[in-house]
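Hi there,

Here is the structure I promised to pass on. Please have a look at it first, and my notes follow below.

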Amino acid sequence: MEKASSVLAALFGSREPAEAAATVTSIFVYPIKSCRGISVPQACVTSTGLQWDRQWLVVNSKGRAYTQRVEPKLALVDIELPMDAFKDNWEPTDLSYMVIKAPDMEALRIPLNKKCAAVDDISVWEWSGSALNEGNEAFEWFTKYLGKPSRLVRFNTELEIRAVDPNYAQGYKTLFTDGFPFLLASQGSLDGLNELLDEPLPINRFRPNILVDGCDPFSEDLWKELKINKLNFHGVKLCARCKIPTINQENGVTGNEPTSTLMKFRSDHALKLKKTQGKMFFGQNLVCKESLLPPRGSKTIAVGDPVFVLQKYSSNVDAPI
């Protein structure tokens, strides 16, 4: 037994368990905030999250972000990128486009290799700064679709930094996410919730980047340190849910579930968390240690990767919220 343990330690490292806690079953990237995601077989981990995730944002005439909270029609906006765009070291050419589609609208093609002018006073939640204006054609397209002046902008990575809340993770950065570079959820948690609902919901209601399976419902709450394909992730904050999970992602119609049910067993009060603010939780926000390192070597995760949990919070009470 001791010899076997030594072999496992040599293979996996002394802190890595011999058996995986779960397996990655889906990876989702959401190029435009609050629009539909793309399911991909693999994705590159960058300094700000998954490659292409929330690089673009739709804003109003004052530069303030639109989300499904106020514009549920964004749920119907489909996004396409070249599939090679999700491979390691891929670079766009003059023939590379993001294609945007929506009901009763002509397809909009956004060149990925175009130089764009910067516009100031763009804001999403607590952050404000400059962003890259994707031009008049995109302005006219989103203005027509939403029925009000709307501009498509891209994060200005050369000039701007959006830091993750240092109270949860110091030194990390993100783009137009709600606040953290990665969101993980489990199929077990979704199945556990669906057992309580009259009509089961798909995972797209919760918009995770990483979906895993093979673990108990809500076990991801306690995952403090985990490893996927040699990349070290840290669970830094339970994901408090807004109204977006109540929006049907197929038709944009808002209902009462899953909020009504989640409040009964996933609220801060029901979980007996340290702070009770009337919030409910589903999923775990992550940062990746390798995001802080220089971009050398392959940093990818893929469907089928095992998930090794290296350290857990002792209970939900100790998990940050």
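Let me start with a pocket: strand 12 (162-163), strand 14 (182-186) and strand 17 (231-240) each supply at least two residues of the lining of the second largest pocket. Strands and helices here are DSSP runs numbered from the N terminus (E, at least two residues, for strands; H or I, at least four, for helices). A pocket is an open set of points on a 1 Å grid over the protein atoms alone, where a 1.4 Å probe fits, with protein on both sides within 12 Å along at least five of seven lines; lining residues have an atom within 4 Å of a point.

A word on the source: this is a predicted model, in which local features need pLDDT of at least 70 and side-chain atom pairs count only at pLDDT 80 or more, while totals for chains, interfaces and linings use all residues. Residues are numbered from 1 along each chain as its sequence is written, and side-chain values use heavy atoms, with hydrogens and water left out.

Back to the second largest pocket: strand 17 gives the most to its lining, with 3 residues. The volume is about 700 Å³, taken as the space filled by probe spheres set on the points, which are joined across faces, edges and corners. Of its 30 lining residues, R69, D178, G179, C239 and N285 lie nearest the centre.

The largest pocket has a volume of about 1300 Å³. Its lining has 45 residues, with Q51, Q55, E91, R154 and T157 nearest the centre. Strand 3 (42-46), strand 11 and strand 13 (173-174) are the elements that give two or more residues to this lining.

R154 also turns up in the strand pairing, as the partner of L132 in a bridge to strand 11. Strand 10 (residues 127-133) and strand 11 run antiparallel and are joined by 3 bridges; strands pair if DSSP finds at least two bridges between them. Strand 5 is also antiparallel to strand 11, over 4 bridges, and V59 stands opposite R151.

Finally, helix 2 (residues 136-146) has A138, W141, F142, Y145 and L146 buried (under 20% relative accessible area with a 1.4 Å probe, protein chains only; exposed is over 50%, partly exposed in between). Seen down the axis, these buried residues fall within an arc of 110 degrees, so they line one face of the helix; the arc is that of the directions from the helix axis to the C-beta atoms. On the other side, N136, E137, E140 and K144 are exposed.

Happy browsing!
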